[in-house]
Amino acid sequence: MDILIILQAGVATGTILLFATLGEIFAERAGVLNLGVEGMMLIGAMSAFKITTITGNPWLGLLVAMAVAGLISQIHAYISITLQADQVVSGLSLGFLATGISLVLGEGLSKAGTIAYLPKFSIPLLDQVPVLGPVFFKDHSILVYIGYLLFPLCWYYINYTRPGLHLRAVGEYPAAADALGVNVYRMRYLYVFVGGMMAGLAGATISLAVSPGWFSELTTAGQGWIAVGLVIFAQWNPLRAAFGAYTFGALRRLILDIQGPMVILGIKNPFYYNPYWGYFLEMLPYAFTILVLVIGSREAIRKRMGAPAALGTPYIRGERGV
Amino acid sequence: MVHSGSDNPNDVVRMAGIVKRFPGVLANDSVDFTLRKGEIHALLGENGAGKSTLMNILAGLYHPDAGSIVVNQQHVNFNSPRDAIAAGIGMIHQHFMLVPSQTVTENILLGMEKPRFLLRLQEYDRVVTGLGEQFGMKVDPRAKIWQLSVGEQQRVEILKMLYRGANILIMDEPTAVLAPQEIEDLFVTLRKMVAEGKSIIFISHKLNEVMEISDRVTVLRRGKVTAGGVDVHSVDKVELARLMVGRDVIFSLNKKAVQPGDVVLKVQSLFAENDKGLPALRGVDLEVRQGEIVGLAGVAGNGQRELADVITGLRKVKKGSVLICGEETTNQPVSKGIRKGVSHIPEDRTHVGTAPNLSITDNVIMKTYNQPPISNGWILNAVAAENFASGLKDAYQILVPSLETPVRLLSGGNLQRVILAREISCKPRLMIAVQPTRGLDVGAIEGVHRLLLEQREAGAAILLISEELEELLGLSDRVYVIYEGRIMGEVKDGNLEKIGQMMTGTRLEQIEQHKEVEHA
Amino acid sequence: MPKTSMLSNKLANWLPFEVRIEKRLNQPKSGYSTLLSFLSVVVALIIGAFILLLAGGDPIYSYIHIARASFSSLGVFSDTLVKATPLIIVGVACALAFRMKLWNIGAEGQFFIGAFGASSVVLLPMLPDSASRWFFIPLMILMGMLCGAIWGIIPGILKAKFKVNEIISTLMLNYIAVNWNNFFIFAVWTEGGFQMSRMFPENAWLPRLTDYGERIPLLQGLTTHLGLLFALIIAVVVWLILYRSRWGYEIRLIGDNPHAAQYAGISITRNTVLVMALSGAIAGLAGMSEISGVVHRLQGAISPGYGFTGIIIAWLGKLNPFAIIPVSILFGALILAGREIQPSGIPKLIQGIILVCLIASDFFLRNEVRIVRKQKLSIQPKGQEQ
C-alpha cells in the first residue's frame with residue numbers, strides 16, 4: 001500500500017467535495033441555504049454520464065451537467081427567494097425532486113459500460129517534486145487542476161472584488177445593499193445558480209473522472225451532505241473549504257484502500273481478515289463530519305463568528321431586519 | 001394650510017398629491033411637499049404619521065400609488081433607490097444601512113459602478129479620508145462597522161451619500177440614537193453641508209430640535225399634511241404640537257405621591273459582556289425600591305439592554321451580583337426570576353416579546369402557563385387559558401377579532417397592550433420596562449404611562465429604561481445615567497443639564513466639583 | 001409588505017387590471033389550508049404526468065395503475081395500510097421535532113436502529129424463542145424505542161451543547177445506522193451467509209388481521225397488523241402533547257420564537273434534547289413495528305425511504321398529527337403501487353414534485369392574490385388641477 005498513491009487518489013476524491021462546498025459557500029454567502037446539494041450532484045452526475053454515453057463527448061456531458069444542476073437549483077431559488085418559503089424545507093424538497101429525476105432519467109444507465117473520460121495528464125516539472133509532485137501533479141484529471149485554480153480564485157473574488165463585496169453585503173445585510181441599488185433578488189438567484197452549477201460540476205467529477213459510471217443514489221453516497229457540513233467547518237471561507245475537502249477526500253480513499261493489503265506496516269491487517277469490519281470503516285467519513293462540525297461550531301462560538309447574518313431569511317423589501 | 005404649488009426655480013424637490021396605501025392603512029393621503037435649495041426642512045409628525053413612508057417614496061424604496069415627483073425641475077419616476085441616488089437624493093435611515101462585518105470604505109463603495117472589478121481598497125481608503133475632512137467628519141476608513149460607535153456609524157452613512165454626490169439628504173430621526181453632545185456635532189455638520197449648497201430633509205418628532213435646526217417645517221398627521229412648508233420662526237412650539245397631534249398635548253402626568261418601601265432590586269458592581277464578547281457592563285450599582293419608578297437614562301448601546309438581560313436572567317454575569325427581594329439571583333435561570341415576581345417589557349416586541357405565529361391566548365399565557373389554573377400538573381387547561389386571555393383582552397382593550405388571531409397580525413399598539421397585559425397580570429414585584437413606548441402613537445403612549453404609574457401605586461418596583469428623556473423625567477422618581485457600562489450618577493431633581501453631561505461620560509462628582517470651582 | 005409583482009409592472013401594462021400580491025392581514029378560513037394542500041397535490045400529479053410523458057411513460061396508465069393497485073379491494077387496501085403504518089409513525093416523529101424547528105432528517109436512521117433494537121430481543125437473544133408474546137412484544141417496543149431515542153438524543157445533545165447543525169448530524173447518523181445494521185446482518189446474525197437474520201419466532205410477530213381469519217373469514221389474507229393501532233395511538237398522544245400539555249406549549253413556543261421562549265424562562269437546551277429523544281424513539285417504534293409486523297427478520301432492505309418520506313408527510317400534514325394519517329395512506333398507496341412501476345424512480349419523483357408544490361403553495365397562505373382594476377397614476381401636480 002503506497003501512501004502517496006492513496007493521497008493522490010484522495011486529492012481526486014476531494015475535488016468532488018471541493019466543487020460542491022465552494023458552490024454552497026457562494027449560495028450561503030448570498031444568504032440562501034441550499035440543502036439540495038446532494039440531489040443536484042446526483043442530477044449532475046447522471047446528466048454528465050448520460051450525455052457522454054449518447055454523444056461520446058465528455059466535455060459536452062460536463063457542460064450539460066452544470067447547466068441542468070444550475071437550472072434545477074432555480075426551483076429552490078424561486079420558492080425560497082420569490083415565494084419566501086422556509087429555506088430548509090425548500091432545499092430538502094429540491095433534493096428529493098432532483099434525486100427522483102436522476103433515478104428516472106438514469107434508468108438503465110448503470111449498464112452503459114465504459115465511456116470516454118475527461119483527459120488525465122501530469123504537470124511537467126511539478127510532478128517531479130518529491131512527495132507533493134506525485135500527490136498533486138501526477139496523472140490527475142483536468143478537473144483536479146481546475147480545482148486548484150478555482151478555490152483561490154473564489155477566495156479572492158469574495159474578498160477583493162466589487163461583485164464579491166456585493167455578494168457579502170447581500171448575505172449580511174440585504175436591506176443595506178438594496179438601499180444602494182444592489183438587486184438583492186437577482187444576486188440571490190445568481191448565486192443559487194452558481195451553487196447549482198458547482199454541484200453539477202461536482203457530480204460530473206464523480207461520473208466522468210473519479211469513479212466513472214452511474215450507480216443510482218450510491219453515486220454520491222452522501223457527499224453532498226458532507227459538503228454542506230464542510231461549509232460550516234470552513235466558516236464560509238474557500239481556503240478552509242479546500243483544506244477540509246482534500247482532507248476528507250484522502251480519508252475516503254484511505255478507508256477504501258486500507259481493506260486491500262494483507263499486511264500493513266508489518267502487522268496483519270485486521271480489515272483484510274475481517275472484511276465485515278469494513279462497515280465500521282465506512283461509518284468514518286460520516287462520523288468525522290459530525291466531529292468536524294463539533295470542532296467548527298466550538299471555534300465559531302469562541303471567536304463569535306457565525307454564518308452570514310441573513311442566511312436563511314427571505315428578503316422582503318421594506319421589512320425591518322437583516 | 002400653506003400651499004407652495006407654484007414653479008419656484010429654487011425648489012429642488014416637489015412632491016404633489018402623493019398617495020400610498022398599505023394593506024389596512026392609508027399611509028400618505030395626497031401629500032404635497034417641497035424642498036428648496038440650501039435649506040434644512042423639517043418633516044414633523046408622530047410615529048405612524050407617514051413621514052418615513054413619504055421619504056421612502058422620495059428615496060425610491062416605495063412606489064407611490066398616485067402623485068408626482070419633480071426633482072430639479074424634472075419629472076421623475078423612481079423604481080429603486082439607485083434611481084433616486086442617481087438623481088442626487090440620499091437617505092440616511094433610522095436603522096443604519098451598514099454591513100457590520102465590512103469596513104467603512106467597503107460600505108461606502110457598496111453599490112458603486114466604480115471600481116469596476118478589483119476593489120483596490122488602499123486607494124479608496126484615502127479618498128474616504130479626504131471626503132471626511134472636507135465636511136469635518138473624522139472616521140477611520142479601515143475600521144469595521146461593528147467596531148464603531150453609533151455616532152461614527154452615522155457619519156459613515158452621511159459620507160456614503162456624499163460620496164455618491166447626493167445634493168439632497170434625507171435624515172430619518174438622526175438624533176434618536178445620539179447623545180446631546182453628538183447631536184451638537186451633527187448639527188454643525190448639517191450646517192456645513194447646507195453652506196456647501198446641499199439641501200436637507202430632517203425627519204423628527206422632537207419639537208425642540210426642529211425649532212433649533214430647521215428653516216421650514218412640514219407637519220404630517222395620519223398621512224395628511226397639516227402644515228406645508230411653514231417658516232419655523234413664524235410658529236411656536238405649542239402650535240406645532242397641536243398640528244402634529246391634533247389636540248392640545250398634556251405635557252404633565254397625574255403622578256401621585258408614593259412613599260418608597262423596601263429595596264426590591266439591588267445590583268452590585270455588575271460586569272457583563274455584550275453579544276460580541278466585549279465588556280458592556282463595567283461595575284454597575286443601583287437599587288430600586290417598592291413603589292418607585294427609577295429611570296435609566298443613556299444613549300442607546302451603553303449597556304442598557306445588557307443590564308435588563310442580566311437582571312432578568314437572560315444574560316450571564318461575569319462578576320458582581322443581582323439581588324431580588326434580598327435573595328441572590330445572579331446567573332439563575334430566567335424562570336427563577338419569574339417566580340420571584342420579575343416582569344419584563346422587552347425592547348424588541350416582535351423578536352423577543354412575542355411568538356408571532358402563535359395565537360393571542362398562547363402569547364398571554366407565556367408567564368403563567370405553568371401555574372394553576374392554566375396548568376394542572378402536566379396538562380395545559382385550554383379552557384382556563386382562554387378565559388384568562390379573554391379577561392385580559394377586555395381589561396386592556398386589545399382590539400382583535402378573535403383570541404385565535406396570530407399576534408403578528410396586530411398593530412404596534414395592540415401588540416404592546418398584549419405584552420403589558422401579560423406582564424402586569426402576573427402581579428409583578430419588580431418590573432423592567434425597556435423602551436416601553438417606542439414606536440407607539442400618542443394615545444398608546446399615554447396608556448402605557450398610565451399603566452406604569454398604576455403599577456407604581458400598587459407597590460411594584462419599576463426600572464424604566466428609555467432614551468426619551470421627557471418620558472424618563474415625567475415618570476421617574478429618580479434617574480440613573482449610564483455611560484459605557486458605568487453609572488455616571490443619580491439625579492433626583494430632574495436636572496436636564498446634569499443628565500445631558502452625564503450621558504456623554506462626565507461623572508456626577510466631576511460636574512459638581514466643576515461647579516464648586518466655578519463658584520469659588 | 002405589499003408587493004406588486006414585477007411581471008405585472010412590465011409585461012402587462014396594457015391589461016385593464018393588475019395582479020396584486022399582498023400580505024394577509026387576517027387568518028384564512030380553516031378549510032382554505034386543506035383545500036390549498038389538496039390543490040397542490042393535484043397540480044403536482046399533473047406536473048408529474050408531464051414528466052412521465054417526457055420520460056417515455058404513460059401517465060394515465062400509471063396513475064390508474066397506482067389507484068387500482070392500492071385501493072381497488074379490501075385486500076390491497078389492507079396492504080396500503082401496511083405501508084401507511086410506518087409512514088404515520090415516522091411522520092408524527094418528524095412533525096414533533098419540526099414543531100420545535102428541530103430539523104430531524106434522521107428518522108431513517110432512527111428507524112433502522114429501532115429495527116435493530118427490536119431484533120436484538122430475538123437475536124441477541126434477550127428472550128428465549130419460546131417466550132410468550134406478552135413478553136416479546138412489549139420488550140421489542142421498549143428496545144426499539146430506546147435505541148431510536150439514543151439515535152435521536154445524540155444530535156440533540158450535540159445541538160444543545162455545541163450548537164452542531166442537526167440537519168447534518170442527523171443525516172450523517174442515517175449512513176452510520178445503515179452500516180451498523182449491515183455489520184450485524186452480514187457478520188453476526190447472518191443466516192447461512194445471506195444478508196438477513198433468521199426468521200423470528202411467531203411469538204415475536206405483531207398480530208395481523210389474517211391471524212383471526214379462521215374465526216372471521218372476512219379477515220383472511222389481510223396483512224394489516226397491530227402496528228397500525230400503535231400508529232393511531234402515537235398520533236393521538238403526540239397531538240395531546242403538543243396542544244394539551246405544558247411541555248407541548250413549550251415546544252410550540254420555542255418553535256415559533258426561541259428568543260421569546262428564553263424570555264419566558266423555558267430551557268431550550270433541555271427541550272432540544274428531550275424532543276430529539278422522543279422523536280427518535282417514535283421513529284424507532286416505526287422500525288420495530290415494521291420488523292415485527294411485516295418483515296419478521298432483520299435484513300438490509302427494510303425501508304424504501306420511510307424516514308425521508310416521513311419528512312414530506314409531516315409537512316404535507318402541516319405538522320398536525322391527525323392530518324398525517326390520511327396523507328400517509330396516500331403515500332402508502334404510492335409506495336405500494338410504485339414497486340411495479342417502471343422506471344423505479346417514479347414514486348420518488350412524484351413525492352419530490354408534491355413537496356415542491358406544497359411548499360410553494362404556502363405562499364398563498366401568507367399572501368393574498370387580488371386582481372384589481374388599474375387606477376390611473378395622476379401625473380398632474382395638484383396645483384395645476386385647481
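## Where chain C meets chain A

In this predicted model, the contact between two of the chains draws 38 residues from chain C and 43 residues from chain A. On the chain C side, four helices each put in at least two residues: α6, α7 (166-188), α12 (306-316) and α14 (346-366). What kinds of residues does chain C bring to its side? They split into 27 nonpolar, eight polar and three charged.

## Chain C as a whole

Let's step back and look at chain C. Its secondary structure comes to 15 helices and three strands, and its C-alpha atoms fill a box of roughly 100 × 55 × 40 Å along the principal axes. Out of its 386 residues, 51% count as buried.

Contacts in chain C also reach across the sequence. If you take those with a separation of 6 or more, 75% come from residues 24 or more positions apart.

## Helix α5 and its two partners

Helix α5 of chain C (residues 107-123) is a handy one to follow. With helix α6 (residues 133-162) of chain C, the axes come within 7 Å and cross at roughly 145 degrees, and the crossing is right-handed. Residues of α5(C) in this contact include C:G109, C:I113 and C:F116, while those of α6(C) include C:L139, C:M143 and C:W151. Sorted by class, this contact has twelve nonpolar, eight polar and no charged residues.

The other partner is helix α11 (residues 268-295) of chain C: here the axes come within 6 Å and cross at roughly 55 degrees. That angle is why α5(C) and α11(C) count as oblique to each other. This crossing is right-handed too. Among the residues that meet are C:F111, C:F112 and C:A115 from α5(C), and C:A283, C:L285 and C:E290 from α11(C). The class count is eleven nonpolar, eight polar and one charged.

A cis peptide bond joins C:L124 and C:P125, with omega about -15 degrees.

## The nonpolar core

Which residues have the most contacts inside the largest nonpolar core? They are B:L58, C:I89 and C:V92, in a core of 380 residues. The biggest contribution, 16 residues, comes from helix α9 (residues 184-210) of chain A.

Now zoom in on C:V92. Leaving out residues up to four places away in sequence, C:V92 touches C:I234, C:A235, C:V238, C:I282, C:P321 and C:I324.

A:A98 lies in helix α4 (residues 87-105) of chain A.

Leaving out close sequence neighbours (up to four places away), A:A98 touches A:G36, A:G39, A:M40, A:L42, A:I43 and A:I72. A:V37 is 61 residues away along the chain, yet the C-alpha atoms of A:A98 and A:V37 are separated by 9.4 Å.

Most residues other than glycine have a negative phi, and most peptide bonds are trans. Chain B has some exceptions. Phi is near 40 degrees at B:S30, a residue in strand β2 (residues 25-36). B:S30 is partly exposed, since 16 other C-beta atoms lie within 10 Å.

B:R120 has a positive phi as well, near 45 degrees. You'll find B:R120 in the loop between α3 (104-109) and α4 (121-134) of chain B, and its 13 C-beta neighbours inside 10 Å make it partly exposed. Finally, a cis peptide bond links B:P372 and B:P373, with omega about 5 degrees; B:P373 belongs to the loop between α12 (360-364) and β17 (375-376) of chain B.

Key
Residues numbered from 1 in each chain as written. Chains lettered and ligands numbered in written order. Predicted model: local features only at pLDDT ≥ 70, side-chain atom pairs only at ≥ 80, totals over all residues. Axes fitted to C-alpha atoms, helices over the stretch in contact; angles between N-to-C directions. Left-handed = near helix turned anticlockwise from the far one by under 90°. Contact = placed C-beta atoms within 7 Å. Nonpolar A, V, L, I, M, F, W, Y, C, P; charged D, E, K, R; others polar. Core = buried A, V, L, I, M, F, W, Y, C linked by C-beta atoms within 7 Å. Buried ≥ 20, exposed ≤ 12 C-beta atoms within 10 Å, placed from the backbone. Parallel < 35°, antiparallel > 145°, perpendicular 65-115°, else oblique.
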